[in-house]
Amino acid sequence: MSAETPAAAAPGQFTRRRLQFRAWRGTRPFWAGLMVMLGGFLILYFPYAHLQLGHLTMTMGTPGGSGSLIIGVLLIVIGISLWFQQHIRVFGGVAAILLALVSIPMSNIGGFIVGFLSSMIGGAMAVAWSPGAPPQAQPPAEAAPGEGGAPQTAPLPEQDMDMFGENDLSGTNPANGANGRHSAG
């Protein structure tokens, strides 16, 4: 390196893509969708898995194979939908929870409990997720050179007092002429 090499070079392609992915991931229920897809894959996989022990092949053929296929594919589709259509997060989360519950009797105890738990946690995360508020622009601080720059307090709104000098926040006290439901006649 020489003295003319810039100290802070522009970020590379990998760093830029990673930051773009991080920004994209932050605007949607990413982890919820990932957990739902993982649970769907596990529920889908086990009834069709083949275990090789030497020359012996064991098949996990169960009557719930078609139910596992339907439930697993639906969970994977819900997980992808949570990524790309975040406005369906409540519907997708509730549907994932219901499908995970149905997978217990239908497909090998919900993918041997692991797929069931993954789908349940992902569905709960989808229901609980809410989009963050965009950051508000802060106005620049306007302090005179001689002032310390301390923040000023906003004036308090006027509060209605009843005839006893107490705050009445209902707006229906006789002192302000709004009798409303508290009037006797």
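**Close-up views of a predicted model**

**Figure 1. Overall arrangement of the chain.** The protein comprises six helices and two strands. The model shown is predicted. Followed along the sequence, the elements occur in the pattern α-α-β-β-α-α-α-α. The protein has 185 residues, and buried residues make up 25% of them. Its accessible surface amounts to about 13300 Å², with 66% belonging to carbon and sulfur atoms. Of the contacts between residues at least 6 apart in sequence, 63% join residues at least 24 apart.

**Figure 2. The aromatic pairs of Trp24.** Eleven aromatic pairs are present in the structure. Trp24 is partly exposed, at a relative accessible area of 25%, whereas Phe30 is buried, at 9%. Trp24 also forms an edge-to-face pair with Trp83, for which the centre-to-centre distance is 6.2 Å and the angle between the planes is 80 degrees. Because Trp24 belongs to helix 1 (residues 13–25) and Trp83 to helix 3 (residues 65–84), this pair ties together parts that lie 59 residues apart in sequence. Trp83 has a relative accessibility of 15% and therefore counts as buried, the cut-off being under 20%.

**Figure 3. The aromatic cluster around Trp24 and Trp83.** Trp24, Phe30 and Trp83 belong to one aromatic cluster, together with Phe21, Trp31 and Phe84.

Figure 4. Helix 2 covers residues 30–45, and its 16 residues should span 22 Å at 1.5 Å a residue.

**Figure 5. The hairpin of strand 1 and strand 2.** Strand 1 (residues 50–53) pairs with strand 2 (residues 56–59) in the antiparallel sense, over four bridges. Within this pairing, Leu51 stands opposite Met58 of strand 2. The two strands form a hairpin, and two residues lie between them. In the turn, Gly54 has a positive phi of about 65 degrees.

Terms used: Residues are numbered from 1 along each chain as its sequence is written. This is a predicted model: local features need pLDDT of at least 70, side-chain atom pairs count only at pLDDT 80 or more; totals for chains, interfaces and linings use all residues. Side-chain values use heavy atoms; hydrogens and water are left out. Rings of Phe, Tyr and Trp (its six-membered ring) pair if their centres lie within 6.5 Å; planes under 30 degrees apart count as stacked, over 60 as edge-to-face and the rest as tilted. Buried means under 20% relative accessible area, exposed over 50%, partly exposed in between (1.4 Å probe, protein chains only). Two strands pair if DSSP finds at least two bridges between them. The expected span of a helix is 1.5 Å times one less than its number of residues. Contact means heavy atoms within 4.5 Å. Accessible areas come from the Shrake-Rupley method with a 1.4 Å probe; for residues, only the protein chains shown count as cover.
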